[in-house]
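Let's take a friendly walk through this structure together.

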Amino acid sequence: MKSESSIIQERLAAVRENMPEHVTLIAVSKTKPNAAIEAAASMGQVEFGENRVQELAEKALTLQHLNVRWHHIGHLQTNKVKQVVPHADLIHAVDSEKLLLEINKRSASIDKVSDVLLQIHIASETNKFGWSFSEFDAFLQHQSWQKLENVRIRGLMGMATFTENHQQVRNEFQSLKKAFDASSSIHQDWDTLSMGMSGDWEIAVDEGSTMVRIGSSIFGSR
Ligand SMILES: *Cc1c(COP(=O)(O)O)cnc(C)c1O
């Protein structure tokens, strides 16, 4: 019988095989044990994604011996920012100015500049988080973000509708890519478009994603 680790390694290899070189693969290890992360890391996987603050912090501390980087990918509550800032290399789902200000403040207190992405609501489901395009435009115009010295906004993140309708998913990713390109002059570090998961990453990459977040296709179902 094949070990769990070798199954993970085979799945990771299969995902990588089809991934263009310019796209960063985040292995989403949420709910999975350290052994699963070690199996992927032993194949040179560096970027890992978690959506719970406590779990991310614990894994970051217990896996310090690995050469890995941590992404906080899910909805983040303001009162949890303090716990995640020391460990996260990129925070993907900043969905309010209040949250951005808190990340700035907590980063300043530990002399860190945190890389973040703004989450835009592109799906038709209302239960997904994120700014609307008009809120995002207003926020950029207002320019208050330029005064924040301890956050660096690297780009945008979005989640498409969970649907079999590929054209709808494609349209949603296209709208996000358009907003990403339209804002490309805001500063030189605007370089990351995080879109695509196990079920839709091929479409996302087709539509200009630079970073995909893949969990179940590597680590199995949760
Ligand atoms: C869980 C999660 C993923 C990965 O989902 P899979 O379908 O397992 O690939 C990607 N992005 C976010 C924000 C998630 O919470």
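Predicted model: local features only at pLDDT ≥ 70, side-chain atom pairs only at ≥ 80, totals over all residues.

Setting aside neighbours within four places in sequence, L156 is in contact with L117, L118, I120, F136, L176, A179, F180, W190, T192, L193 and S194. What surrounds this residue on a wider scale? L156 belongs to the largest nonpolar core, which has 60 residues, and together with I103 it has the most contacts inside that core. There is also a second, separate core of six residues, with L90, A93, L117 and M211 among them. In soluble globular proteins, nonpolar side chains tend to be buried together.

Now move to Q119, a residue of strand β5, which covers residues 114-120. Is Q119 buried or exposed? Its relative accessibility is 4%, and because buried means under 20%, Q119 counts as buried. Not counting residues up to four places away in sequence, Q119 touches H92, A93, V94, F129, G130, W131, M157 and M159. One of these, A93, is also part of the second core. From Q119 to L176 there are 57 residues in sequence, while their C-alpha atoms are 9.9 Å apart in space.

Two loop residues are worth a visit next. D111 sits in the loop between α5 (97-109) and β5. Although D111 is not a glycine, it has a positive phi of about 55°. With a relative accessible area of 76%, D111 is exposed. Q143 lies in the loop between α6 (133-142) and β6 (151-158). Q143 is not a glycine either, and its phi is positive, at about 65°. Its relative accessible area is 42%, and Q143 is partly exposed.

Finally, step back to see the whole protein chain. Its secondary structure comes to nine helices and eight strands. The radius of gyration is 17 Å, close to the 17 Å that the globule rule gives for 222 residues, so the chain is as compact as a globular protein of that length. Along the principal axes, the C-alpha atoms fill a box of roughly 60 × 45 × 30 Å. Buried residues make up 50% of the 222 residues. Among contacts with a separation of 6 or more, 60% come from residues 24 or more positions apart.

The chain has 23 positive and 28 negative charges, whose mean positions are 5 Å apart.

Notes: Residues numbered from 1 in each chain as written. Heavy atoms only, no water. Helix = DSSP H or I, 4+ residues; strand = E, 2+ residues; numbered from the N terminus. Rg over C-alpha atoms; globule rule 2.2 N^0.38 Å. Buried < 20%, exposed > 50% of the residue type's maximum accessible area, 1.4 Å probe, protein only. Contact = heavy atoms within 4.5 Å. Lys, Arg positive; Asp, Glu negative; His and termini not counted. Charge placed at Lys NZ, Arg CZ, Asp CG, Glu CD. Core = buried A, V, L, I, M, F, W, Y, C linked by side-chain atoms within 4.5 Å.
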